Each structure stands twice: as structure tokens, then as C-alpha cells.
Amino acid sequence: MTDAAPRFPRQIRYIIGNEAAERFSFYGMRNILTVFLVDYLLTRHTGNRADQAQAVFHTFVMGVYLFPLLGGVLADWWWGKYRTVLWLSVLYVAGHACLAYFESSERGFYTGLFLIALGSGGIKPCVSAFVGDQFTVANRALVPKVFGWFYWSVNLGSFFASASIPKVLEHFGPRVAFGIPGVLMAIATLIFWAGRNLYVRVPPQEPDRHAFLFVLLSGLFGKTPGGFWQRARAEHPPEAVEGARAVLGVASIFTPIPLFWACFDQKASLWVLQARNLDLQVGSLTLAPSQLQAVNPLLVMLLVPLVTYGLYPWLERRGIRFSPLRRIGIGLVLTATSFLGVAAIQQALESGSRPSVLWQVGPYVVLTLSEVLVSITGLEFAYTQAPLRMKGTVMSLWLLTTFAGNFVVVLVKKLGLVHGTTEFLFWAGLTYFAALCFALIARRYVVRDHFLPGAAAPGDGSLSPAARLA
């Protein structure tokens, strides 16, 4: 694995270093949020604090994955990816400062959550697309591997945050527990800024009436007789219409993905609340309820090189093409299966037993494998299938699937539809159905990759003449 890393463009190291520190910051805060809300901030509230904490948690995650739309527009039309990441990171740091300072004030704390959602969400589509911008047709073969390394760095930061910050909260309180991630986010911003002279920067495009949204509006409300695309072609050039069709095609693949995120993100809320009722004693150690989340990023760091450099090449040599769409479909099935595991644990709790928290390790393994197959592949797929001038938009749509998934969770919690073991089985059944829908949609999708056509030189961030004309 290590022998492949030096082949990457030099600037990739700065982006990956930034991402590792930023992910420590984000997951350090995120993974203690549910416990903090139940045990600290919401203690004066009446009613079921666990349900209230889950609603706040998933509403925050919704915000994190709604603001990618804003980030994508800023990057594609006005600021470019580099400046969008840099300036929104400053707001991100300010949000962490609010969490640490306003630990006992709901208004101040929620202001911090808003700023983090704005900063973290706004940079999400830009960072992953910015990684892809550092590659052209000449070295496109490295893209799957670099996205593997990119995701590996994400989970390196997440692992150390998940393993350490819950204990910091227990022993030193919220101010220190939220302050440490804030310091790491400031360091992440400095790392990203340090590579400023090496990055390839695709210049933003001026907003124009042929953008994706305007093509859709023309198709819906255009005055020219004919069908949707005939009305769009009457008002827009062919390349704009074809780009919009490509985006909609990719979006159709994304439609079942929210159910993956609905399940996956509940490992930081529903699974943590279940862990509070399990036996947390492991030998001489007493784990924090949210600490077992460290299993997920640790397994990702092991599985990413295993599947990227082992399983996928091994299958290719035997004539078996494990395509991105096939990986995502299998990942959805595994996601649903992991919830059958935690449903069995919940059934044991409701029967009067108190199983060890280590019982959750099995479902974590299955959920993590599904993450490798769905999330990493989805990042790669979203970038490669996006038209050149709409990559930020398509990456935003990919991240918006997480918003939709968390919206479903909040809706279910607000309606009080399911509880206990039934709740876990509900999510399993719904995600099995999503996997079936995905298989039917994927059968009709035509894969078409979009890469920069020529070599790009770092330094002043310019592109080759061919890339400028693309």
C-alpha cells in the first residue's frame, strides 16, 4: 500500500493531511453529541431526553449535508473550490469555539452547531472534488486508489477521535472535550493553506442562464411545444442540456442511497443509546457508550487497502468485474443485515438480559463493510460520472442523500412510529427494499466517465489549454 502513495501528485498530501485533522475535529464533536445532549444540555427538559437528543443530533446532521448545496454553488460559480474550503473552514473553527464556550447555553451551543454545519457541510463537496481536480486523463488510473487513501485518512482522524474524546468528556467535561476538536480544526485549516502554491485550481464559471437549474426550469415551464428535453433544447445549447441529462441520470442512481445513511448515521445515536444499557465493562476497562464507534473507522482503515489492493485486483485477474454499481448494491444489503444484528441485541435487552457491549462489534463489522462498498464507491462514482463543469453540483447531490436519510430518521422519531426491537427491524426491512430498488435502477444506467482531458501544472493553479477549453 505504501509504495503507491508517492505516485500521487505532491499536493494530495496536503489535502489528505487536512482531511485527517478535520475529521478528528468533526467526529470528535459528533460522536459525543448524543451523550452530551442527554447528560448535560437537556437535563432541564421534561419528557424523553433520549428521543429529544436523537432529534437534535439528526437535525444537525441534516444541516451538515444540506449546506453542500451552498458549497457546490459557491465553488462552481464564484469562489472556486480552494477559496470556498478555506473561508468556510474559518466559520467551522468559530463554531467549535461556540461549543466549548457555551456548554451550558442552548442558544449559544446551537449557534455553534449551525456554524459547524455550515462550515463542514459547505466544504464537503469541494474537498472531494478538489482531490479529483488534481488528476487528468494521463493519471486517471490513480483516482480509485487516491479516493481510497482519502477515505482512509478520514477514518484515521475518526478513529482517534472516537477512541479518545468520549473519555475526555467523562474526565474533563464538555469544555475540554469540545475544545480539543476546535484546535484540530484550526490545524486542519493551516495544513490546507500551506499547500496553496501546489494545487491545480479549476477556475469557477460565471453564473449563466445555461446552468443545470435553468435547464430544468426550461424543460418544465418552457413555452416551446414538445416534450421536456425539446423545451430545454429550444433555450439552451446542446452541451448544457446533455450535462443536465447526465446529472439527472446520476441523481437517479442516488435515490435509494438515503436509506443507507439513515441506518449508518444511527450508529452515533440509536446504537449509542443502546450501548448505554449494555455491560460496558471489558476486562479491566470501562468503555464509554460512544467509544465503541472507534471500531468503525479502525475497520475501514484495515478494509480499504485490503479491498483496493487485494480483493478488487484479484477479482479483475479472474475476469470478474466488481463494478461500482454492484458494490453499492451489495453494500445496501449488508447495511440492512447489520440492523438485524442490533435488533437481536435489543431483543436480549428487552428479555431481561444485559449483554456485553462487545455484542455490537459484529453488527459494526457488517455496517463498516457496507460503508466501504457504498460510501467510498459513491465518492468515486459521483466524481467520475459528473460532467466537467458540474462536478461540484453532483458531489453536492451525493452528499444531499445523507440529508435525506437523516430527514427520514427525524420524521420517524417525531411520529413515534416504532420503538425497541421493532425499530431496528423497521430500518432493516426498509433498507432491503432500497437495495432492491437500486438493483432495478442500476440495470438501466449507462456508465460514462468524465475527466480533465490534458495535463495540468501546479504552482499558480492554472490548467492546461486543453483543460481550459473543456
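A residue counts as buried when its relative accessible area is under 20%. Keep that cut-off in mind for this model, which is predicted.

Start with helix α2, residues 49-66. Its buried residues are A53, Q54, A55, F57, H58, F60, V61, M62, G63, V64 and Y65.

Next, look at the partner of α2. Two packed helices are described by the angle between their axes and the distance between the axes. Helix α1, residues 11-41, packs on α2 at about 155 degrees, with 7 Å between the axes. Angles over 145 degrees count as roughly antiparallel, and α1 and α2 are therefore roughly antiparallel to each other. The crossing of α1 past α2 is right-handed. On the α1 side, the contact is made by F26, M29, R30, L33, T34, L37 and V38. On the α2 side, R49, A50, A53, V56, F57, F60, V61 and V64 take part. By type, the contact residues divide into twelve nonpolar, one polar and two charged.

Now move to helix α15, residues 361-385, which holds F381. F381 counts as buried because its relative accessibility is 4%. What does F381 touch, leaving aside its neighbours within four places in sequence? It is in contact with I253, F254, P324, L325 and Y445. V250 is 131 residues from F381 in sequence, yet their C-alpha atoms are 8.8 Å apart in space.

Definitions and conventions: Residues are numbered from 1 along each chain as its sequence is written. This is a predicted model: local features need pLDDT of at least 70, side-chain atom pairs count only at pLDDT 80 or more; totals for chains, interfaces and linings use all residues. Side-chain values use heavy atoms; hydrogens and water are left out. Helices (H or I, at least four residues) and strands (E, at least two) are DSSP runs, numbered from the N terminus. The expected span of a helix is 1.5 Å times one less than its number of residues. Buried means under 20% relative accessible area, exposed over 50%, partly exposed in between (1.4 Å probe, protein chains only). Contact means heavy atoms within 4.5 Å. Axes are lines fitted to C-alpha atoms, for helices over the stretch in contact, and angles run from 0 to 180 degrees between N-to-C directions. Angles under 35 degrees count as roughly parallel, over 145 as roughly antiparallel, 65 to 115 as roughly perpendicular and the rest as oblique. A crossing is left-handed if the near helix is turned anticlockwise from the far one by less than a right angle, and right-handed if clockwise. Ala, Val, Leu, Ile, Met, Phe, Trp, Tyr, Cys and Pro count as nonpolar, Asp, Glu, Lys and Arg as charged, and the others, Gly among them, as polar.
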